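Subject: Structure handover

Hello,

The structure we discussed is below, with my notes after it. Please read the notes with the coordinates open.

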Amino acid sequence: MIKNLLFDLGGVIIDIRRQDCVDAFEALGLENADSYFGLYSQEGIFMAIEDGSLDTDGFHRAMHSLLPAGVTDRQIDDAFQRFITGIPVHRLEALRRLRDQGYRLYLLSNTNPVMWNDVIAREFRKEGREREDYFDGIVTSFTAKALKPSREIFEYTCRTLGIKPEETLFFDDSAANTCAAAELGFHTATVEPGTEFTDYLPSK
């Protein structure tokens, strides 16, 4: 029986557009900006801030070494956050309805403190609530010091949130992540482009 719904963030709850981020960093003068960003994972400095091996200050210092003089921390953060286009309110409403139906809702996201403490927090306030009001527990990669699809982050999630894979349906837009979760006993749903996570809910 599925008691828990475990959500990825980007591409499932929040809409993203990779090219906007690439274009913003190219405009700041980052060479080969396209090589740093994947659809489901990042590379180099951008991976390091997601897996927690770089904090925000370290990320800024590393970025300044790659960018022209005069670029500010705020400009770096703004360019990075162009990856996110927003959360449609109907998804926030859907999360609330699912909790009302008795599911326990959790979040597991490869993300970083720049976005987490700024644009992501703001997007969840569209209904006048806080991000934490929608979930019974949250795991971020930069806190767990691990990234999906590693076994480590899923095991950390189960320990930290107190959930069992066999009682949990995991939603992610990356097949690599859902395959990794399935190997550990999670029920999974790969959310395809153009669909909503509500399309993959079990029938009651």
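A salt bridge here is a side-chain nitrogen of Lys or Arg within 4 Å of a carboxyl oxygen of Asp or Glu. Please keep in mind that the model is predicted.

Salt bridges

By this rule the count comes to 18 salt bridges. R91 and E196 form one of them, with their closest N and O atoms 2.7 Å apart. R91 belongs to helix α5 (residues 89-100) and E196 to the segment after β7, so this pair ties together parts that are 105 residues apart in sequence. R91 is buried, with a relative accessible area of 7%, whereas E196 is partly exposed at 23%.

Another salt bridge joins the side chains of D78 and R74, at 2.8 Å from N to O. Both residues lie in helix α4, four residues apart, which is about one turn of the helix. D78 has a relative accessible area of 38% and counts as partly exposed; R74, at 42%, is also partly exposed. The pair belongs to a network of salt bridges that links R74, D78, D118 and R122.

K126 and E123 meet through their side chains in a salt bridge of 2.7 Å, N to O. K126 is partly exposed at 43% relative accessibility, while E123 is buried at 13%.

The sheet

Five strands make up an open sheet, in the order β5-β4-β1-β6-β7, with parallel pairing. The edges are taken by β5 (137-140) and β7 (187-190); each has a single partner strand, so one side of each is left without a neighbour in the sheet. From one strand to the next the twist averages 20°.

Strand β1 (residues 4-7) pairs with β4 (residues 104-109) over four bridges, in the parallel sense. Four bridges also join β1 to β6, and these two strands run parallel. F7 shows both pairings: its bridge partner in β4 is L107, and in β6 F7 stands opposite F171. Helix α10 (residues 175-183) lies across β6 (168-172) and β7, and runs at about 170° to β7.

Residues in and after β1

L5 is found in strand β1. With a relative accessibility of 0%, L5 counts as buried, because the cut-off is under 20%. Leaving aside neighbours within four places in sequence, the contacts of L5 include L98, Y103, L105, L169, F171 and L201. L5 and I45 are 40 residues apart in sequence, and their C-alpha atoms are 31 Å apart in space.

D8 lies in the loop between β1 and β2 (15-16). D8 is buried as well, with a relative accessible area of 5%. The side chains of D8 and K148 are joined by a polar contact of 2.8 Å. Not counting residues up to four places away in sequence, D8 also touches I13, L107, F170, F171 and D172, among others.

In helix α3 (residues 56-64), the buried residues are G58, F59, H60, A62 and M63. What covers them includes α1 (18-28), α2, α4 (73-80) and α6 (113-116). The N-terminal end of α3 is capped by D55, with a side-chain oxygen 3.3 Å from the backbone nitrogen of D57.

Regards

How values were computed: Residues are numbered from 1 along each chain as its sequence is written. This is a predicted model: local features need pLDDT of at least 70, side-chain atom pairs count only at pLDDT 80 or more; totals for chains, interfaces and linings use all residues. Side-chain values use heavy atoms; hydrogens and water are left out. Two strands pair if DSSP finds at least two bridges between them. Axes are lines fitted to C-alpha atoms, for helices over the stretch in contact, and angles run from 0 to 180 degrees between N-to-C directions. Contact means heavy atoms within 4.5 Å. Buried means under 20% relative accessible area, exposed over 50%, partly exposed in between (1.4 Å probe, protein chains only). A polar contact is a pair of N or O atoms within 3.5 Å; within protein, one must be able to donate a hydrogen and the other to accept it, and residues adjacent in sequence count only if both atoms are side-chain atoms.
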